[in-house]
Amino acid sequence: NKPVAYEKDSTVIKVKINSVKKKEVPEVDDEFAQDVSEEYKTVADLKNGLKGKLEKELGERLKETKISALIDKIIPSVDLTVPVCMIDYEVANTFRKFAYQMGMREEDAIKFLTANGQKLDEFTSPWRPDAEHTIKSQLIITKIRDNEKISVSDEEVNAEYDKQHKDDKDNPNAELYKSMIKDNMEYQKTIEFLLDNNKLTPSKKQIKYEDFASGKYLEDENKKSKENKEDEVKSE
């Protein structure tokens, strides 16, 4: 191909097109559906499967939103002081997860911050309010569990353990895993108890699925809520 020249403001730019490529998109047919997963045999199976997964994800996100709204209503009415050491531990745990997501060891992540003129406590300081809120939420749910005597049977725990560790039944840490499973199951039952025994008014606001499923909508709402609280404090 011959170079093409464009002139603008006495500047000449020459562009040479070496090749033109076109992305080939596979046809959505039964063969394509089978390539996506062995569980799908037809396009209809694929569409129904994807729809089911999206609905499940949406249901989980709605559940998280509801319980978060309930806890946010409960926290102001509870006289609960979180020890600094608990907040420190939660923040440190969050930083470990952050380092892992960045593909770094914790000590390497700290060195990286130091090399860029940042101290660890300064970097993690904005995380402390969320850490305190998370701890308060967990303590409140645990207290409700104890007050309502919510529990799960050994049979339920063993059944869930067998489901999760069907290929590893001789694990020496079995009892530890069962204890963790028991705590999680009771935690989830307490959440169900809260949702069943509280009335939530649905919002009339229309929200895009992708904004809600990705968490963007909640992030925006939380940001607005924090800004409103800061404005109220300033006005006082």
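**First stop: a residue in α7**

Select Asp162, which lies in helix α7. Helices here are DSSP runs of H or I of at least four residues, strands are runs of E of at least two, and both are numbered from the N terminus. This is a predicted model, in which local features need pLDDT of at least 70 and side-chain atom pairs count only at pLDDT 80 or more, while totals for chains, interfaces and linings use all residues. Residues are numbered from 1 along each chain as its sequence is written, and side-chain values use heavy atoms, with hydrogens and water left out.

**The whole chain**

Zoom out and colour by secondary structure. The chain contains 10 helices and 2 strands, and along the sequence they follow the pattern β-β-α-α-α-α-α-α-α-α-α-α. Of its 236 residues, 19% count as buried. Contact means heavy atoms within 4.5 Å. Among contacts between residues at least 6 apart in sequence, 59% join residues at least 24 apart.

**Helix α2**

Select residues 43-74, which form helix α2. This helix has 32 residues and reaches 47 Å from its first C-alpha to its last, close to the 46 Å expected at 1.5 Å a residue. The expected span is 1.5 Å times one less than the number of residues. The buried residues of α2 are Val43, Leu46, Gly49, Ile67, Leu70 and Ile71. Their cover includes α1 (30-36), α6 and α8.

**Helix α8 and its crossing with α2**

Next, select residues 174-196, helix α8. Helix α8 has 23 residues, and from first C-alpha to last it reaches 32 Å, close to the 33 Å expected at 1.5 Å a residue. Its buried residues are Ala174, Ile181, Met185, Glu186, Thr190, Ile191, Leu194 and Leu195. Among the elements that cover them are α2, α6 (128-147) and α7 (154-164).

Display α2 and α8 together. They pack at an angle of about 75°, with their axes 10 Å apart. Axes are lines fitted to C-alpha atoms, for helices over the stretch in contact, and angles run from 0 to 180 degrees between N-to-C directions. This angle makes α2 roughly perpendicular to α8; angles under 35 degrees count as roughly parallel, over 145 as roughly antiparallel, 65 to 115 as roughly perpendicular and the rest as oblique. Show the side chains of Lys63, Lys66, Ile67 and Leu70 in α2, and of Gln188, Ile191, Glu192, Leu194 and Leu195 in α8, which make the contact. By class, the contact has 5 nonpolar, 1 polar and 3 charged residues. Ala, Val, Leu, Ile, Met, Phe, Trp, Tyr, Cys and Pro count as nonpolar, Asp, Glu, Lys and Arg as charged, and the others, Gly among them, as polar.

**Helix α6**

Leaving aside neighbours within four places in sequence, Lys136 is in contact with Ile75, Leu80 and Val82.

**Last stop: the nonpolar cores**

Select Ile67, Leu70, Ile71, Ile75, Ile140, Ile141, Ile144, Ile191, Leu194 and Leu195, the 10 residues of the largest nonpolar core. Such a core is a set of buried Ala, Val, Leu, Ile, Met, Phe, Trp, Tyr and Cys residues joined through side-chain atoms within 4.5 Å. Helices α2, α6 and α8 each supply at least two residues of this core. Within the selection, Ile67 touches Ile191, Leu194 and Leu195, not counting residues up to four places away in sequence. A second, separate core has 6 residues, including Val152, Val157, Tyr161 and Met185.

Key:
Buried means under 20% relative accessible area, exposed over 50%, partly exposed in between (1.4 Å probe, protein chains only).
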